[in-house]
2 protein chains.
Amino acid sequence: MHLLGLLPRRAWASLLSQLLRPPWASCTGAVRCQSQVAEAVLTSQLKAHQEKPNFIIKTPKGTRDLSPQHMVVREKILDLVISCFKRHGAKGMDTPAFELKETLTEKYGEDSGLMYDLKDQGGELLSLRYDLTVPFARYLAMNKVKKMKRYHVGKVWRRESPTIVQGRYREFCQCDFDIAGQFDPMIPDAECLKIMCEILSGLQLGDFLIKVNDRRIVDGMFAVCGVPESKFRAICSSIDKLDKMAWKDVRHEMVVKKGLAPEVADRIGDYVQCHGGVSLVEQMFQDPRLSQNKQALEGLGDLKLLFEYLTLFGIADKISFDLSLARGLDYYTGVIYEAVLLQTPTQAGEEPLNVGSVAAGVERIFYIVEQRMKTKGEKVRTTETQVFVATPQKNFLERLKLIAELWNSGIKAEMLYKNNPKLLTQLHYCESTGIPLVVIIGEQELKEGVIKIRSVASREEVAIKRENLVAEIQKRLSES
Amino acid sequence: MHLLGLLPRRAWASLLSQLLRPPWASCTGAVRCQSQVAEAVLTSQLKAHQEKPNFIIKTPKGTRDLSPQHMVVREKILDLVISCFKRHGAKGMDTPAFELKETLTEKYGEDSGLMYDLKDQGGELLSLRYDLTVPFARYLAMNKVKKMKRYHVGKVWRRESPTIVQGRYREFCQCDFDIAGQFDPMIPDAECLKIMCEILSGLQLGDFLIKVNDRRIVDGMFAVCGVPESKFRAICSSIDKLDKMAWKDVRHEMVVKKGLAPEVADRIGDYVQCHGGVSLVEQMFQDPRLSQNKQALEGLGDLKLLFEYLTLFGIADKISFDLSLARGLDYYTGVIYEAVLLQTPTQAGEEPLNVGSVAAGVERIFYIVEQRMKTKGEKVRTTETQVFVATPQKNFLERLKLIAELWNSGIKAEMLYKNNPKLLTQLHYCESTGIPLVVIIGEQELKEGVIKIRSVASREEVAIKRENLVAEIQKRLSES
């Protein structure tokens, strides 16, 4: 027996005890009937079920699990988005899922009621974060950071009535990119628009446009049209509905519900139906009413500069100056923008895309990509396994030796956790999971020192010398 | 004016309006003093500060922000961990941050009090997840999945008294890998151990060992030593302290605090000081007392098989059968294991690593790697920018054209958001942020159709034809 005391006096740092816990559910062998976690959950909930007939095993209202299928789509999209952010020199960061309630309150206006509060369990009052913007602002203030280009990908939570069919949930992912600091005008804005174009092109979602406007132009327009200042916010939110409502309905809302004079509404109507490129900016400079408003002129001046930069970036044709873009939120003060996908209704077979959704953001993209894949019947592989190691006879131990060699060479490999499975079962597994290559360790081949490589798609098999196997697999994988 | 109604009747899907919000803080120009979010947060909190003198801008107790420096380390480690999981054919998945309180209660025994409950805001009673195991079990039960190899990386929350110095927080990350299903014995366990070895080797944290034992051997050992069954759990938790307490102190605790007969404690003492390889397994098969216990024999039989597989995987030398490994939790029923770093005390300069930490897991690895980098004075680059675009004179517009070309070629590029910054400022920026290459668009060079490439490290400059610039940069980047 080795005594612990006799070992060289080393410091032992316990590590990883939780990282890889025993594959608890892998021991639920019929022989040994141990209480396993999954069973325990199931059992205790079935018990609960008997006591409370309405109890079911579920995720909380408005939330869902992300299955391996979802995760594959997300990972692909987020990789593209994050690599774009990195290409533009952004740093990553993260903040806690919850903040002091005080940090969040009064930041979201009437939406504050949608925050998830944590129970008072003694100590601080906390709420789950509602977006990534206020935590970033808190981070900047707390660390006295004046300048920072950062991206932040993370979950946020809102207690909204979930309309799950349209892909809106109470827990969802946001991808934020912000350039904080004081800089020469329109340069960071131009870069943000460039980033949006790169991401939308990269995702290959189809043709798109980015609408831009400026809050000062919106406010100036309201002023010169004769909207009383007290109605700015209310009218703003009506205007914002123009992407999903016809002008006459929006006009009706402004006049009847919000008490705007009809002639004022009509004046607004002339403006908000305008959209175009830099020539529209020039045209608005000449507009007899708008050109009288100092704020509007400032906004127009910035937009003109912005278009100059966008032209140099080669994306001016993707940008549309759109006077109907209003964005009611308080913290939009200068240039505002919004991307829209251009989609002909004839692009059929697809579920009609919820026009003008407010719940925009990266979840919307996940949803669109998932819908398209569903429509096209595209099958998603949920693993990346490249090679399956199979044995037709009882060469199980050879399988272990060989698969370890593949793993050690960085090859993604799987086998069945059975001592002696049927070859057909193994080949079926490859076909159903999309594994492209199988190596087969046969009795005869073992004697001759060769291994068979089988292409699952073509069903072709070739024998390769055992010592050349890894190199041959790597060659085939690099070619495919 | 283009009228919206005159456009081809397309369906417009609003998209991304939140993905890339205007770089709000980029407009805080001194000229335009708009209320920005960061300022708003700051202002409202300073106001609060005046009213409540104790209020400070902070993260909730036991939590912290992850700075760009932290994120770089995490990303590197998680990439390695996840790519190992994928190499072994695991699928990714995610579950909501919170679960129905009913799903979580009674799963963690006395730890249930450490759960973060959400406030009852009408509707379901919810709690933040405490680990990733119970949500996985709920997922399996809910979807009636019998078999699944999955990994899950995500945050979990526990209201423990935070001892932040040692890298323990109330919000932390877990990386779980589980093989759920019924399989032939010890094959999935062997693969889990292989994965642990691959990850620990890959991270280059230094020499390590993985201790293994089996709950049935632990229970059998207690039985043959004469521990009353009612004391199994309590004695188990004493034994678990052997990695940070000497045997005589553990013995004292068992005898004095837990009322174990001294001769029983001594019998346990003989066993728990044993550790070794497969030969120790054989030795225990011959042990006069242990060989009388059916449970222990089953455990020993499995360990023997496990060692056979580990030998084929080429990792048997990393595994130590250790009778002091006890792991008190209910859901460990078969093989149990735990990784330890072997570290000589002379590996100085490093903070002594918290021996036998219970808060193991991937956060422990983040902490160790961060400590090592700090000790070595390694500087972390928080961006991946490869090229900086500079202009010594007012060739700002050329800068925009050129940087767009780099971005479009997939090159990670930055510039300053100034029309006319000093060249020295630009070069300093590169040095301080570790950008390796600068392209300089000079007046003279513009006329000659060339651009200068400067290596920041060597300060060497060469002129390259404008049209060859991208190719030259890509060549240099691929070589470095």
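A nonpolar core is here a set of buried Ala, Val, Leu, Ile, Met, Phe, Trp, Tyr and Cys residues joined through side-chain atoms within 4.5 Å, where buried means under 20% relative accessible area, with a 1.4 Å probe and protein chains only. The model is predicted, so that local features need pLDDT of at least 70 and side-chain atom pairs count only at pLDDT 80 or more, while totals for chains, interfaces and linings use all residues. Residues are numbered from 1 along each chain as its sequence is written, chains are lettered from A in the order in which they are written, and side-chain values use heavy atoms, with hydrogens and water left out.

**View 1. Lys194(B) in helix H5 of chain B.** This helix spans residues 187-203, and Lys194(B) counts as buried because its relative accessibility is 3%. Leaving aside neighbours within four places in sequence, Lys194(B) is in contact (heavy atoms within 4.5 Å) with Ala404(A), Trp407(A) and Asn408(A), and also with His88(B), Phe313(B) and Ile315(B).

**View 2. Thr133(A) and Asp178(A), two positions listed by UniProt under "binding site".** The listing comes from an unreviewed entry and also includes Arg158(A) and Tyr331(A); such annotations may be inferred rather than shown by experiment. Thr133(A) lies in helix H4 (residues 133-142) of chain A and is buried, at 1% relative accessibility. Asp178(A), in strand E6 (residues 171-180) of chain A, is likewise buried at 1%, and its side chain makes a polar contact of 2.9 Å with that of Arg150(A), the term denoting a pair of N or O atoms within 3.5 Å, one able to donate a hydrogen and the other to accept it, with residues adjacent in sequence counting only if both atoms are side-chain atoms.

**View 3. An open, mixed sheet of five strands in chain B.** The strand order is E12-E11-E13-E14-E15, two strands being paired if DSSP finds at least two bridges between them. Strands E12 (413-414) and E15 (461-465) stand at the edges, each with a single partner strand, so one side of each is left without a neighbour in the sheet. Strands E11 (residues 387-390) and E13 (residues 437-440) run parallel and are joined by four bridges, with Val439(B) as the bridge partner of Val389(B).

How values were computed:
Helix = DSSP H or I, 4+ residues; strand = E, 2+ residues; numbered from the N terminus. Buried < 20%, exposed > 50% of the residue type's maximum accessible area, 1.4 Å probe, protein only.
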